[in-house]
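Visitor: I'd like to learn how to read a few local features in a model like this. Can we go through some together?

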Amino acid sequence: MAEVKLHGFWYSPFTLRVVWTLNLKGIPYENIEEDRFNKSSQLLHYNPVRKNTPVLIHDEKPICESMIIVEYIDEIWPHNSLLPSHPYDKAQARFWVKYVDGMISAIEAFRHSISCEEREKAKENLWARLRVVEDQCLDDQKKFYGGDTISIVDITLGSFVKFIEVQEDIFGEKILQSERFPRLHLWFNNFKDFPVIKENTPDQEKLVAFHNLLIKKIKAIKTSS
């Protein structure tokens, strides 16, 4: 087996996607923890365009962008497949991956809101997008998006919902309300309790504490610049 390395941030939902995928496939890899404020020369060499994480190195060849990495892993190691085999089902899965990724701006708006009015507006926008996932993407008759096994949609959505959960604890506001989103709530409980996911997800308190410090540090840098 060719050597596999992962450059990432342990607290990043994007890095988590790759970590979950590698572990679901049982692929051994070397984890290289990066510093957001002092990125390694190797990372900048392997990702000179975006200069960000995650970056997967397979046989000395870099692959960038979390969901491109996930699909690459799924193609190279096809066991425990994350994408459906039928072209239509595969297209549908990719649609929902893209939709969930498009919601990142909504949670970022909530995260960076200053006034109560801004935060409420951001929350309403986020709720509207989550309503689409609740009504159109999830099926309460299925444990996961595609059935009984975790798929690429579950990995994408799981990392996003986990990030929301962290923001809830930081700001003391409940976004993923079980009465408002019963399917999403049930799905996330199934997802986060899946053994491989549970074993490879950072502790909630640790995540909240770190993201709190990160937000303060970023604000301090912006204020001083």
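Visitor: Which residue takes a positive phi just after α1?

Guide: Bear in mind that this is a predicted model. The residue is G26, with a phi of about 70°.

Visitor: And what caps the N-terminal end of α1?

Guide: That's S12: one of its side-chain oxygens lies 3.1 Å from the backbone nitrogen of F14.

Visitor: How far apart are the end C-alpha atoms of α1?

Guide: Count 1.5 Å a residue, and the 13 residues of α1 (residues 13–25) should span 18 Å. The end C-alpha atoms are 19 Å apart, which agrees.

Visitor: Is α1 largely enclosed or largely open?

Guide: In general, an α-helix has 3.6 residues a turn, so residues three or four places apart point the same way. Here, eleven of the 13 residues of α1 are buried, so the helix is largely enclosed by the rest of the structure. Among the buried ones are L16, W20, L24 and even R17 and K25.

Visitor: How many aromatic pairs are there, counting ring centres within 6.5 Å?

Guide: Eleven. Take F110 and F171: their ring centres are 5.5 Å apart and their planes sit at 85°, so this pair is edge-to-face. The pair links distant parts of the chain, with F110 in α5 and F171 in α7, 61 residues apart. F110 is buried at 0% relative accessible area, while F171 is partly exposed at 22%.

Visitor: Which charged end sits over the ring of F110?

Guide: The one of R119, 5.8 Å from the ring centre. Elsewhere, R180 lies over the face of W127, at 3.6 Å from the ring centre.

Methods:
Residues numbered from 1 in each chain as written. Predicted model: local features only at pLDDT ≥ 70, side-chain atom pairs only at ≥ 80, totals over all residues. Heavy atoms only, no water. Helix = DSSP H or I, 4+ residues; strand = E, 2+ residues; numbered from the N terminus. Expected span 1.5 Å × (residues − 1). Buried < 20%, exposed > 50% of the residue type's maximum accessible area, 1.4 Å probe, protein only. Polar contact = N/O pair within 3.5 Å; in protein donor to acceptor, adjacent residues only side chain to side chain. Phe/Tyr/Trp six-rings, centres within 6.5 Å; stacked < 30°, edge-to-face > 60°. Lys NZ or Arg CZ within 6 Å of the ring centre and 35° of its normal.
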